[in-house]
Amino acid sequence: GAGVSQSPSNKVTEKGKDVELRCDPISGHTALYWYRQSLGQGLEFLIYFQGNSAPDKSGLPSDRFSAERTGGSVSTLTIQRTQQEDSAVYLCASSLTPPSGGAAQFFGPGTRLTVL
Amino acid sequence: KNQVEQSPQSLIILEGKNCTLQCNYTVSPFSNLRWYKQDTGRGPVSLTIMTFSENTKSNGRYTATLDADTKQSSLHITASQLSDSASYICVVSAGGSYIPTFGRGTSLIVHP
């Protein structure tokens, strides 16, 4: 058992460019979350996937952000036309079931995004 | 609105000393509360989970308490080590909700 992996670990891009961030959850985990963590701030919920259900996108800050999860496994977070305020660490987490049932979230190491 | 407040925001202690971190929440209906440790440059890792019926739980040098009546939790670290330097995050889950509520964390620095 490998843990949650994310790639790239660091991404530097120019304002206006599109970026894709990847998350490989733990095998068998049906719940997958994306969070954003700005310097000195708490984790900000972005989007939630549960099995084959429609994702909860209520945390996405704008329509420039989108995410998909293919085959109930790998997930990609896409940010279009990046802005400087998008600079942050993007964390992915997976859990066997939703945390309200007691399952722990397992986090990846994050992708540090810097928009110049 | 569900909220989790942590205090202090930051804490500096000497190696070998004890410390206590606080978490107050207004999440309803309460399901469980987890404490996570986040090392610099890493993702958070779960230390312990507290459910409604539990008052105290230990994990090595870490002891968590929960007072469901006052909606408060604490994380006590005994005989601190340099490796305890990290951010400690309190996360509360509500029944029927799949999106937990995160506190902003307490940044702990342990000096030799």
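Let us start with chain A, which has zero helices and 10 strands. Read from the N terminus, its elements run β-β-β-β-β-β-β-β-β-β. The radius of gyration of chain A is 13 Å, close to the 13 Å that the globule rule gives for 116 residues, so chain A is as compact as a globular protein of that length. Keep in mind as you explore that this is a predicted model.

Now turn to its partner in the file. Chain B comes to zero helices and 11 strands, and its elements, again from the N terminus, run β-β-β-β-β-β-β-β-β-β-β. How does the radius of gyration of chain B fit with a compact globule? With 112 residues, such a globule would have a value near 13 Å, and chain B has 13 Å, which agrees.

**The two chains in numbers**

Here are some values for each chain.

| Property | Chain A | Chain B |
|---|---|---|
| Span along the principal axes (C-alpha) | about 40 × 25 × 25 Å | roughly 45 × 30 × 20 Å |
| Share of residues that are buried | 48% of 116 residues | 45% of 112 residues |

Contacts tell you how a chain folds back on itself. Among contacts in chain A between residues at least 6 apart in sequence, 55% join residues at least 24 apart. For chain B, residues 24 or more positions apart account for 56% of the contacts with a separation of 6 or more.

Chain A carries 10 positive and 10 negative side chains, and the centres of the two sets lie 2 Å apart. Chain B has 9 positive and 7 negative charges, with mean positions 5 Å apart.

**Inside the chains**

In soluble globular proteins, nonpolar side chains tend to be buried together. Which residues touch the most other members of the largest nonpolar core? Of its 25 residues, they are Y25(B), L33(B), W35(B), L75(B), Y88(B) and V92(B). Several strands of chain B, namely β3, β4, β5 (45-51), β7, β8, β9 (86-94) and β11 (106-111), each supply at least two residues of this core. The largest share, five residues, comes from β9(B).

Leaving aside neighbours within four places in sequence, Y25(B) is in contact with Q3(B), V4(B), F30(B), L33(B), L66(B), D67(B), A68(B), K71(B), Q72(B) and V92(B). Apart from this core lies another one, of 20 residues, among them L21(A), I26(A), L32(A) and C92(A).

**An arginine in a loop**

Next, find R64(A), in the loop between β5 (43-50) and β6 (65-69) of chain A. Is R64(A) buried or exposed? At 12% relative accessibility, R64(A) counts as buried, because the cut-off for that word is under 20%. Not counting residues up to four places away in sequence, R64(A) touches T78(A), I79(A), Q80(A), R81(A), T82(A), Q83(A) and D86(A). V74(A), on the other hand, is 10 residues from R64(A) in sequence and 20 Å away in space, C-alpha to C-alpha.

Most residues other than glycine have a negative phi, and most peptide bonds are trans. Some places here go the other way.

R81(A) has a positive phi of about 50 degrees although it is not a glycine. R81(A) lies in the loop between β7 (75-79) and β8 (88-95) of chain A, and is partly exposed, with a relative accessible area of 42%.

K71(B), one of the contacts of Y25(B), has a positive phi of about 60 degrees, and it is not a glycine either. The loop between β7 (62-67) and β8 (72-77) of chain B holds K71(B). With a relative accessible area of 33%, K71(B) is partly exposed.

Which peptide bond in chain A is cis? The bond from S7(A) to P8(A) is, with omega near -10 degrees, and P8(A) has its place in the loop between β1 (5-7) and β2 (10-13). In chain B, a cis peptide bond joins S28(B) and P29(B), with omega about -10 degrees. P29(B) sits in the loop between β3 (19-25) and β4 (30-38).

Definitions and conventions: Residues numbered from 1 in each chain as written. Chains lettered and ligands numbered in written order. Predicted model: local features only at pLDDT ≥ 70, side-chain atom pairs only at ≥ 80, totals over all residues. Heavy atoms only, no water. Helix = DSSP H or I, 4+ residues; strand = E, 2+ residues; numbered from the N terminus. Buried < 20%, exposed > 50% of the residue type's maximum accessible area, 1.4 Å probe, protein only. Rg over C-alpha atoms; globule rule 2.2 N^0.38 Å. Contact = heavy atoms within 4.5 Å. Lys, Arg positive; Asp, Glu negative; His and termini not counted. Charge placed at Lys NZ, Arg CZ, Asp CG, Glu CD. Core = buried A, V, L, I, M, F, W, Y, C linked by side-chain atoms within 4.5 Å.
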